[in-house]
Amino acid sequence: MSVSDQHDLVSVQTHDFDVAFEYAQLRADNAQDGAIVFFSGLVRDFNQGQDVTGLFLEHYPAMTQKALTGIVKKAKARWPINRVRLIHRVGQLHLSDQIVFVGVSSSHREAAFDACHFVMDYLKKQAPFWKKETTHKGDNWVQTLEKDQKALDKWQKDD
Amino acid sequence: MINVVFFAQLREQLKSDGLSLDIPTPCTVQDVQQSILTSRPEWQDFLSNPALMCAVNQDMVQLTAPVLEGNEVAFFPPVTGG
């Protein structure tokens, strides 16, 4: 779904994404931007003290796209950024799989760094996704972390 | 009627992904929660968990938020995406 620019993207999908393709979309026909910052999140093999063998990502389909688009709009209102591409996967994922991609282009690196960081911090607290981990001892729902709230508070204090 | 939906660990605890509720509107999310608990007191421990988050028509809100006829009200645990 387009947020404002034809190169913008907000996608919730089961299939994988290609970072090189996403980076190319941020760069293509874009001489005005001197900076691209992107983040990719991966499934790692430990969390909250347990060995993790996989991850299932549940979401609230009617709300997810709306919540992510709202976060991108907030970032665009706050920083002089140009293109934003945001992808979040759902469904069954395995170790080292890509979960999330946030890419931001801007004339200046500070805005791109901050906006990318902001989108990730907001997404972790305000987008309706839930992770269920598979471990050798059984499945368990990932619990929210205080540090994620603190990460969000940092941006809200700046408001 | 309003449509109520549950997600993730809460859905598993309640063994329900949602229900339709006949409740006088306008009301609040808290009224919806109380009305459900009146008919399903066994859900008390899970549905009155203060850590739960809620949404009305796919926007996150507080328990005091208004609910209108035909709205969708969602209850879910703190989100853990990213």
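This is a predicted model: local features need pLDDT of at least 70, side-chain atom pairs count only at pLDDT 80 or more; totals for chains, interfaces and linings use all residues.
**View 1. Helix H3 of chain A and the elements against which it packs.** H3(A) has 18 residues, and the distance from its first C-alpha to its last is 25 Å, which is close to the 26 Å expected at 1.5 Å a residue. The buried residues of this helix are A:Ala111, A:Ala112, A:Ala115, A:Cys116, A:Phe118, A:Val119, A:Asp121, A:Tyr122, A:Leu123, A:Lys124 and A:Lys125.

**View 2. The contact between chain A and chain B.** On the chain A side 21 residues take part, and they are in contact with 14 residues of chain B. Helix H2 (61–78), helix H3 (109–126) and strand S8 (129–135) of chain A each supply at least two residues of the side of chain A that touches chain B. The largest share of that side, 5 residues, comes from H3(A). Sorted by class, the side of chain A that touches chain B has 12 nonpolar, 4 polar and 5 charged residues.

**View 3. The open sheet of chain B.** In chain B, 5 strands form an open sheet with mixed pairing, and their order is S2-S1-S7-S4-S5. Strand S2 (18–21) and strand S5 (59–61) of chain B stand at the edges with a single partner strand each, so one side of each is left without a neighbour in the sheet. From one strand to the next, the twist averages 25°.

**View 4. The pairing of strands S1 and S7 of chain B.** Strand S1 (residues 2–6) and strand S7 (residues 72–76) of chain B pair in the parallel sense, with 4 bridges between them. For B:Phe6, the bridge partner in S7(B) is B:Phe75.

**View 5. The surroundings of B:Thr64.** B:Thr64 lies in the loop between S5 and strand S6 (66–67) of chain B. Because B:Thr64 has 9 C-beta neighbours inside 10 Å, this residue counts as exposed, the cut-off for that class being 12 or fewer. When neighbours within four places in sequence are left aside, B:Thr64 is in contact with B:Thr28 and B:Gln30. B:Thr64 and B:Val29 are 35 residues apart in sequence, yet they are 6.0 Å apart in space, C-alpha to C-alpha.

Notes: Residues are numbered from 1 along each chain as its sequence is written. Chains are lettered from A and ligands numbered from 1 in the order in which they are written. Two residues are in contact if their C-beta atoms, placed from the backbone, lie within 7 Å. Ala, Val, Leu, Ile, Met, Phe, Trp, Tyr, Cys and Pro count as nonpolar, Asp, Glu, Lys and Arg as charged, and the others, Gly among them, as polar. Two strands pair if DSSP finds at least two bridges between them. Axes are lines fitted to C-alpha atoms, for helices over the stretch in contact, and angles run from 0 to 180 degrees between N-to-C directions. The expected span of a helix is 1.5 Å times one less than its number of residues. A residue is buried if 20 or more other C-beta atoms lie within 10 Å of its own, exposed if 12 or fewer, and partly exposed in between; C-beta atoms are placed from the backbone.
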